[in-house]
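Please find below my comments on the structure under review. They are given as numbered points.

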Amino acid sequence: MSGNFRNIVVIGHGAAGLAAALSAAEEARRRGWPIKVTLAEKAAEGEAGGNTRWSPSYMRMATPDRVEPSFVHDMLEATTFQGDETYFARLAKEAPATVRWIASHGIEFIQPTYYLAKGPPRIQPSGGGPTIVKELTRAAKKADVVFRYDCVAQEIAIEDGRVAGLVVAQNGMRETLLADAIVLACGGFQGNGEMMRIHFGEGAETMRLISPGTRFNTGDGIKMAMQLGAELSGDWNGMHAEPIDARSKNSAPVVLVYPYGIVVDKNGHRFFDEGRGLVHETWEWFARDTHFKAPGSIAFAILDSRLLEIADYQRAIRSDVLPVRSDTLAELAKSIGVDADNLALTVAAYNAACLGDPNIFDATRCDGLVAARTLQPPKSNWARAISLPPFLAFPLVGAIAYTFGGLATDDHARVMRNGAPIPGLFAAGEITGHFYAAAPNAVSVLRAFVFGRIAGREAAGDLGVR
Ligand SMILES: Cc1cc2nc3c(=O)[nH]c(=O)nc-3n(C[C@H](O)[C@H](O)[C@H](O)COP(=O)(O)OP(=O)(O)OC[C@H]3O[C@@H](n4cnc5c(N)ncnc54)[C@H](O)[C@@H]3O)c2cc1C
C-alpha cells in the first residue's frame, strides 16, 4: 500500500490493457475505493498501442448487441476442441455488454465490408485500432489512470504469496512500482526472435512482423508469470500469420486474392491447394508454408485479367504496390525471377485441369469450382484457367501478427498456477493462451476487450474487499 491507496498496475497499451485500466479505475471510483491505476507501456507515447493500433479490429459479432448462437461451438471447433469452454462461454456472454461499454466511451461500431470472402458476421469500431487506442486512452486519462511510457515491465515482486510490486526499467533506471494487483496485457512473443526460434524452429526469427506495433510484444509478461510458476495454455506452435506483399514497407500490406489464381514458388511449382477454403481459413498455413518451406521464403500469386472483373477485388489487396503485369507468362516470369519454363508447365497443367463451368465462379464463397483430381496439389474452389492477358503477379512473404502460446487464465481473467489463481495476478489479450490450431477469425480484439474489462474490474474488486 502507498498511503491509504492501493495500486493496480496494468502492463500494455493495447485493447486489453486500456480496457483493464479503464475498467479498474471506473470500478474503484464507483465503489469509492482508494485505488490508483497506473498503465506501464514499453513504447514511447507516439508508438504505443501494440498490435491493436495497427489492426482494423474486426470483431466476431452478429450485431453490436449479439454474438451468433453458435459462437461457443465455433470457438471450440476452431481450437480443435482443445479450447476451454468456460472461457469462451464467458467471452460470448460478456461481449454485448463490453461493446456497449466501449461504445459509451465514444467509439461507434459499424458492420463493415470484409475482404471478399464472407465467413462469420463481424462488427468493427469505426476507425479501427487507431480509434480504439485514442478514445480509450482519453477515457482512461479522464478516469485518472496514470500513463508511464518508455516503461518496460521486467519482474513481478511477491510478498506473502501475493503480488506486491512491479520492477520496471525507465530512462535507464530500474525501480519497483508498488502494485497490489497486476494486469498483464503485454502481448505474445512474436517480437522475440529467440522465443520464435525455440517454438517454431530455425528461421522463425526472420519472419516479417506484420505491423510496426508487433515488435514490442516480446514475451516479457509470459516470462515474468512463468517465473512465478504460472500455468501455460494455447498452442505453442500456433501463430496468426498472413501473406503480405514482399515489396511493400507499409503495415499489413496483405494480398488476399491468391485463392482466385495459383501460387508458385520461385522454381515455378505450386505447393498448396489455394482454394481449400475461404481466405481466412487458409491464410495462416499459406503464410507459414511460404516462410518455412518455400525456397527463399517467397511465393508468387499468379493471376490473369479476370481478377480485375471480380467485383470489389481491391478490397482484398491492401498493398500500396501494383501487381507485376505482363502480356505473356514468359515475360511475367522473367520480371519476378521465377523459372519461366516451369511456370509455363505449371500453368498449362493447371489450365488443363480447369474443366468446370467458369460461370459458377463466385469469389465470395466456396463455389465448388474444383479442378480435375489429376491436379497435384489439388485446387478445391475457384479453379478458372489463367489465360487472359495481362498476366499479374504479387510476390508474397508470410508475416506474423501474433502467437497463440501464453498464460492459462480462468473466466475471471486470473492467472492460474497448479489449478488455483496466483493472488493479485490477472491477464488478458494476446498474452493469454486459449487458441489452438488456427486463430478463430476476428476474435483477438474482442477477447482483449472482454477479458481486459473483466481483469480490471476483478483486480479492483479484489483489492476493494480485502
Ligand atoms: C495488422 C493487424 C491486423 C489485425 N486484424 C485483426 C482483426 O481484424 N481482428 C482481430 O480480432 N484481431 C486482429 N489482429 C490481432 C489483434 O489486433 C491483436 O491480437 C490484439 O489487438 C491484441 O491486443 P493486446 O492488447 O493483447 O496486445 P497489443 O495491442 O499488442 O498491446 C500490447 C502492448 O504491450 C506493450 N508491451 C509489451 N511488452 C511490454 C513490457 N515489457 N512492458 C510494458 N509494455 C509492454 C506493447 O508495447 C503493446 O503496447 C490484427 C493484428 C494486426 C497487427
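Predicted model: local features only at pLDDT ≥ 70, side-chain atom pairs only at ≥ 80, totals over all residues.

1. Helix α6 itself covers residues 220-227, and its buried residues are D220, G221, I222, M224 and A225. These buried positions pack against several strands, namely β1 (6-11), β6, β9 (181-184), β17 (406-407), β18 (414-417) and β19 (420-427).

2. The protein chain is divided into two domains: domain 1 comprises 6-236 + 404-464, while domain 2 comprises 240-399. Taken over C-alpha atoms, the centres of domain 1 and domain 2 are separated by 35 Å.

3. Where the domains meet, 23 residues of domain 2 are in contact with 17 residues of domain 1. The side of domain 1 that touches domain 2 consists of ten nonpolar, five polar and two charged residues.

4. The ligand is surrounded by 43 residues, of which G12, G14, G50, S55 and G429 are the closest. Two or more residues of this shell come from each of α1 (15-31), β6 (151-159), β16 (391-403) and α10 (444-464). Strand β6 is also one of the elements against which the buried residues of α6 pack.

5. Which element gives the most to the shell around the ligand? It is α10, with four residues. By class, the shell around the ligand holds 23 nonpolar, 16 polar and four charged residues.

Methods. Residues numbered from 1 in each chain as written. Near = placed C-beta within 6 Å. Nonpolar A, V, L, I, M, F, W, Y, C, P; charged D, E, K, R; others polar. Domains from an automatic or database assignment. Contact = placed C-beta atoms within 7 Å. Buried ≥ 20, exposed ≤ 12 C-beta atoms within 10 Å, placed from the backbone.
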